[in-house]
Number of protein chains: 4
Amino acid sequence: MVKELFDKLHEECAVFGIYGNSEAAKMTYLGLYALQHRGQEGSGIVSSDGAKFHTEKGIGLVADIFTQDRLKKLPGSMAIGHNRYSTFGENTLKNVQPLIVNYARGTLALAHNGNLTNANMLRDELEAYGAIFQSSSDSEVIIHLIAHSKGDSLVDRITEALGRVRGAYSLLFLSEEGLIGVRDSYGVRPLVLGKLKESYVLASETSAFDLIEAEYIREIAPGEIVVINEKGVTSYTPFQKTPHAFCIFEHVYFAKPDSFIFGENVYAVRKRLGVELAREAPVEADVVIPVPDSGTSAALGYASGSGIPYEYGLIRNHYVGRTFIEPEQTIRHFGVKIKLNTVKEVLKGKRVIVIDDSLVRGTTSMKIVKMIRAAGAKEIHMRISSPMILSPCFYGINTPTKEELIASNHTVEDIRKFITADSLAYLSMDGLLRSAKSADPKEFCTACFTGTYPIPFPDRYRDQLFLFETKPN
Amino acid sequence: MVKELFDKLHEECAVFGIYGNSEAAKMTYLGLYALQHRGQEGSGIVSSDGAKFHTEKGIGLVADIFTQDRLKKLPGSMAIGHNRYSTFGENTLKNVQPLIVNYARGTLALAHNGNLTNANMLRDELEAYGAIFQSSSDSEVIIHLIAHSKGDSLVDRITEALGRVRGAYSLLFLSEEGLIGVRDSYGVRPLVLGKLKESYVLASETSAFDLIEAEYIREIAPGEIVVINEKGVTSYTPFQKTPHAFCIFEHVYFAKPDSFIFGENVYAVRKRLGVELAREAPVEADVVIPVPDSGTSAALGYASGSGIPYEYGLIRNHYVGRTFIEPEQTIRHFGVKIKLNTVKEVLKGKRVIVIDDSLVRGTTSMKIVKMIRAAGAKEIHMRISSPMILSPCFYGINTPTKEELIASNHTVEDIRKFITADSLAYLSMDGLLRSAKSADPKEFCTACFTGTYPIPFPDRYRDQLFLFETKPN
Amino acid sequence: MVKELFDKLHEECAVFGIYGNSEAAKMTYLGLYALQHRGQEGSGIVSSDGAKFHTEKGIGLVADIFTQDRLKKLPGSMAIGHNRYSTFGENTLKNVQPLIVNYARGTLALAHNGNLTNANMLRDELEAYGAIFQSSSDSEVIIHLIAHSKGDSLVDRITEALGRVRGAYSLLFLSEEGLIGVRDSYGVRPLVLGKLKESYVLASETSAFDLIEAEYIREIAPGEIVVINEKGVTSYTPFQKTPHAFCIFEHVYFAKPDSFIFGENVYAVRKRLGVELAREAPVEADVVIPVPDSGTSAALGYASGSGIPYEYGLIRNHYVGRTFIEPEQTIRHFGVKIKLNTVKEVLKGKRVIVIDDSLVRGTTSMKIVKMIRAAGAKEIHMRISSPMILSPCFYGINTPTKEELIASNHTVEDIRKFITADSLAYLSMDGLLRSAKSADPKEFCTACFTGTYPIPFPDRYRDQLFLFETKPN
Amino acid sequence: MVKELFDKLHEECAVFGIYGNSEAAKMTYLGLYALQHRGQEGSGIVSSDGAKFHTEKGIGLVADIFTQDRLKKLPGSMAIGHNRYSTFGENTLKNVQPLIVNYARGTLALAHNGNLTNANMLRDELEAYGAIFQSSSDSEVIIHLIAHSKGDSLVDRITEALGRVRGAYSLLFLSEEGLIGVRDSYGVRPLVLGKLKESYVLASETSAFDLIEAEYIREIAPGEIVVINEKGVTSYTPFQKTPHAFCIFEHVYFAKPDSFIFGENVYAVRKRLGVELAREAPVEADVVIPVPDSGTSAALGYASGSGIPYEYGLIRNHYVGRTFIEPEQTIRHFGVKIKLNTVKEVLKGKRVIVIDDSLVRGTTSMKIVKMIRAAGAKEIHMRISSPMILSPCFYGINTPTKEELIASNHTVEDIRKFITADSLAYLSMDGLLRSAKSADPKEFCTACFTGTYPIPFPDRYRDQLFLFETKPN
């Protein structure tokens, strides 16, 4: 509920862009494919030869949306693409990015990963001046601010527009003048630069580079604007400096294990979280099993840290579709059963440590514990490789509201009872920060675990935020 | 090429049936969902109240084919369903099972897992008598033989018809008289019986029971016919006894790890294969990694058997779709890259043991070895948790022809060179049979590894078979 | 109800075939397009180069079904096509023709215009011998009879098969050996032969020739089989001679006015029906208006015969679609209103003669009379340019059952009251036969107007037929 | 070419709106159905209960777009709808109206029939102030002008916005406050008001009222705004008075014959055009035939005026679809042949007068003359029931550019030769104006026949207009 004050849509997303490649749209398709885990609701690609712009968008998975025929309708040597997570009913296609508009200065396409915290306020203001919005997406505010800007160059106009927005953003623009990448001054979301022969690529994660065999160059720095055109890569840093606030949840859950994020490999960090967890919260047991695949890396770390054998006690169904039709006469919700099944031989009569990366509402963990119990486990010890999630994210991770976050208003013991485990432990905040070694602890955003939001809120919303709090952070 | 003498379509499939359930079609949908790994090309369900029969079929995945609307068109308290593997171009829908026909004695629907070896001969004969075939599926031969039979009861007619076919089959029939399950006298393909409250269920694997929370009762015995109707389950054993020939490849690769097959849990067998492999083919190394997910269970066994740390060096992309569009200017085929990516931190500078369940053509293994090498591995030791595949399967596993099976005409050293590994070893035949403990070694079909086919071939085809052989079996 | 004894599907249809044209499928598409008025439920084309056969079928209109892509999938220099009228719920695609089967002698495709009267009896018999039917179409019986025939040549087998069927048929076959056309010995349905450069064409009506600019050669004679292959056109007359029974309803309603049928132009016949009707049933009035477009030609004849001005008092909506959604709170059924609207200026205060070609159930005529009355007409005189329809057609026109045919159990005065007209008159039987000049009156089938069926019924059905009669014919 | 200076899209369209009906969307669907002849490219409906707004749009025909399911998604007691004519490639759905936007004052939907002549100029200006356009439709300019207006009430804002636009418009708005209808001060396009029980309806033509059985009340006056809400119908006339300019081409061709337009029935006017034409351009002949259906009413008038028999020499194919695939090896374009076929019996050896309503490019007339000649006509006399079309329409009729209008740069004799007729005559301007009796000749817009445009053009475009003229108007 609190969240609705700040945003219309939580944008947990992926962006990808390329300049100077004769197969720009196809490379973007591949990049989005490799970044599918960051957003599965819909995808879009805008391509251009610098004069004409072409758009293809759809609801669903990248591989289903982009057929050979649709890719053929995307000529040109530069392109940007976007995978989207959130869904808002029937009109979703309108909200699928990239957004593309014609305005007085030409054509502009935008792909946005992140979330603005003053979008509604800006939108109200823009509408008061007669602006007409096409979508309910935060990102459209940026476009309107650019259209209203009197700045001479596009970089000037982007700078002026972004000077007005608050929140987290890694942005890609495509215009007649080339490809532009921007990362907010806090650096909340990742954005990396690579090179594929003569072309430059920008992406949310390095796993997109691996698929197209591009070489990783560097991260886009917090507060940096890069303009990529026929002159190569030009860097601007027009924004005021702020502290860094790298989203630590990218390491905990969101990024792909094979990616290199904020200077470190995600799998390595996650495994260390498990080792750390074994040290902080040991328990005597017969087997360590992961909740696949979210807990897999940490479980392996826990097993190696504790010396308890690692086993597969839960098997994932690889063909889980979007829709699933349940029988009517069922008592239990099928939610977890269609994704996971137990291996009775592994669990029967055993003391089982179950590792997952996080615990949000608690209902899924409860179902998993019950499944394992039904398979004959003697004891079930749940271990979570991150701290308690106390507060919602306003910077682009789709967490539920405070009321729905079980840890925001329950003790560990309450939660243990709720999920029916024999014991439950979370990784400590220190343990988490120790494991993510590449940056100084102060450089991470830990708002979801601590309630300390690094980016200031606009005043008029701040009051309302605390109004809805059920306990102080 | 040889294979085409025997069959039109290799049917690597799943079957599911239920009797006496008010949500029969929905339960069948769930059962097929849980058996999706046995066939992803298309699925169908036939339901009935004993008078009218209803059919819905489609190309693709169960969850995509069956919408709420389509399931509503499947009323009745009994149903059978089928997942299909093979695909033969544009007319596939015609070949999606269950087959359903009206003949002189009423309506009959059929779902078939397995493969006949004398289908073409029987088809020629039936056509000579004026029969008109709808599909190119082997299974239709069974239907025509039943329609031509003069037997009094349906069980008589089924018995007479199956008396004429050769090959492997686990069959489900739906007729006005109820649900019928049949397993060939060799027991090549699995077929299990379960109970869900008052209703009986038949399925290819127990994982289908777990999802709908049905209780496992027993396997249908080789050569058994079970008729399920308002009188309960009636068992018939009208066929001549033959030796058993349980497909050992179900344990090696095909069945789901959480299933219980031929009297044993699949995951447990696979892990033992890895332990056995560590004993037979040890090598000094830093890490053991699986090819996910086919090699996962065996890799864990190898790691525990060898004491070498288990790691994830290859990360699977969970969103791999049916179609994938490659860039044109690429040198290397993307085949493996879109499914797997390396974790460089795990592999760099390491001596790596890679475990997979089998090695068919060798091309995939080669690509994997090259990916791991490119990620910086110092040594790469490929270990396969089954013996060399020498001969094609004629009983329902979709293996390529002899010429394409790299092991049928190359030595281990040849293959090692081809896949560019530093060493390569296969599990021995003895090791394999030792690991599958639930049955006597003689009770397994090992034709793909040995070339010894347990089910006699019709003479006229036998000669042709050897004609095409490139070396004696 | 009576009708169900004789047939499953009333096939009011069009057939088209071509041999020796490099664009055979496209020409067939055009031919079906020109014959769309004979069937709008679904269409199909089978093409061949003599070796491989290709099929495309769909539900709906020719122009919607056949895209450029689908036509490209129909290579080969010979083809047959079919438009279908009747619809039987969800499974219609199975019943869309051409039927195509593989049997012992090769491939055979069939397109059928007409209706068999002993199909059910033959089907029962064939099923007793083990035959399995794919569809509920009468026409499939012909295919099975051919498959069971031991005749040497295809013509022999067709002759043997057709020797067993009773009813009306104009048939096209496509086989490896070429294109074959057959017309039953009564000649109930039309079938014409044309020539387009080097290729030969067969069609239900000459309007198909006009569109593709083929030249009309002649009608296929009743009882004639023509085989068209690389040797040209070979004619066979193997059937026993019978009296002719040309369907006079083709002239009254079914054929297109620009076609040349049974030796005469349809528009010319229809206009004469109007002139004749003006002579037989004159009335003082201010205007003559047609029910568009069925009564248009006859109305013009009536106006010229009577000297009363011809006007358009009813305007047809050209965009009437298949589906139409009515408001719920409406009292009157919209059926006619969505197709026709009145021109008040033409009707207000006038004595109006309304001409239609036939009157089946009376409900449409009633709605038209009421619309005209509501538009201010002073008197409304309905004139029908054919006699009363007393009996259903069993030879391929989709008439309703006897009970639904208002004229089968009501007097003219009863019907006049029902449709609320000030007067009503039908053309006499003599008047009808006088107008269709090209054949001797005895050569026409007039069963729908007289109840005298020219083709004998199988005995076992005949009794049942009379059982259901509400009055003797 | 000239036209592109003035507009992006020529909007030859239909609008329909209803207020106070529990089946508002369904009634709108019916209204659009009855107005399908005014636009077949796409349709949309917006409905509302005064709070939420619902939109459904599609490409194609009304009956194909709106299924029962889609109509259910359109609740509320008020609605507006639109049929669209023009098509601009792949992005058409964006241009399908009603347009619907959220702006500072709430929600506003717009359906527009007509065409603006200063849309591009206004668009440039609005974009310079930062406005972002969604579509390439003229109509969006109106929405943006309203969004920028500071007027207190919606009527004030609409008045201010329309004060800036030039051109022809009959508009419907749907807002939280009710249904609003506007007709420009020239009254170029029709707009009529009706009543259906307690609800009010607005439509382009009265034929929409007939279908839903609404009662015709009156035309909306030129320059009138009507607001329909819970207080009933309130009329405003805020615009400066101008001369009237009723589009005479609505009577000649565009409106449906059963409609009542500008105070008169269309069929009656068209028939008088034929009578007048018979007087002005008589010729000795055997038959008068219409080009169906455009020339039908006038042909009947010509026949009655001349005493020469009226016949159907051209038969229309009622199943002409959107797409049509031609054979490749054809010499002649099939364009006309798929729509019309000749009746040889009517034409052979005859002197034929052919009547059509207008002659635009001449190519269709040429093909028709050639078809009639090929059918054996001895003489062919083309008569056109309107004057020569000299100039393009800028007010909403989709005429081609001046260069393509054959009459703008050829004499009657030139055109006669081009269409290969034996004689050709047009109706005179006086004859046309005499036939449309309901208004004073000066009250009609005759720009397409005279080049005299009644609505002043913005100066900067006027010069460019004359620049492109090939001869002075």
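This is a predicted model: local features need pLDDT of at least 70, side-chain atom pairs count only at pLDDT 80 or more; totals for chains, interfaces and linings use all residues.
Select helix 6, then show what surrounds its buried residues: strand 5 (99-103), strand 6 (106-116), helix 5 (119-128) and helix 7 (154-162) of chain A pack against them.

Now colour helix 6 itself, residues 139-148 of chain A. How many of its residues are buried? The count is 10 of 10, so the helix is mostly covered, with 20 or more other C-beta atoms within 10 Å as the mark of a buried residue. Step along the helix from Ser139(A) and Glu140(A) through Val141(A), Ile142(A) and Ile143(A).

Most residues other than glycine have a negative phi, and most peptide bonds are trans.

Move to chain B and select Glu213(B). Its phi is near 60 degrees, a positive value in a residue other than glycine. Glu213(B) sits in the loop between helix 8 (207-212) and strand 11 (215-219) of chain B. Is Glu213(B) exposed, partly exposed or buried? Glu213(B) is partly exposed, because 17 other C-beta atoms lie within 10 Å.

Jump to chain C and select Glu213(C). Phi here is positive, near 65 degrees. The residue lies in the loop between helix 8 (207-212) and strand 11 (215-219) of chain C. Glu213(C) has 17 C-beta neighbours inside 10 Å, so it counts as partly exposed.

Finish with two peptide bonds. In chain B, select Pro292(B) and Asp293(B): the bond between them is cis, with omega near -15 degrees. Asp293(B) is in the loop between strand 17 (287-290) and helix 11 (296-306) of chain B. In chain C, the bond from Pro292(C) to Asp293(C) is cis, with omega near -10 degrees. Look for Asp293(C) in the loop between strand 17 (287-290) and helix 11 (296-306) of chain C.

Terms used. Residues are numbered from 1 along each chain as its sequence is written. Chains are lettered from A and ligands numbered from 1 in the order in which they are written. A residue is buried if 20 or more other C-beta atoms lie within 10 Å of its own, exposed if 12 or fewer, and partly exposed in between; C-beta atoms are placed from the backbone. Helices (H or I, at least four residues) and strands (E, at least two) are DSSP runs, numbered from the N terminus. Two residues are in contact if their C-beta atoms, placed from the backbone, lie within 7 Å.
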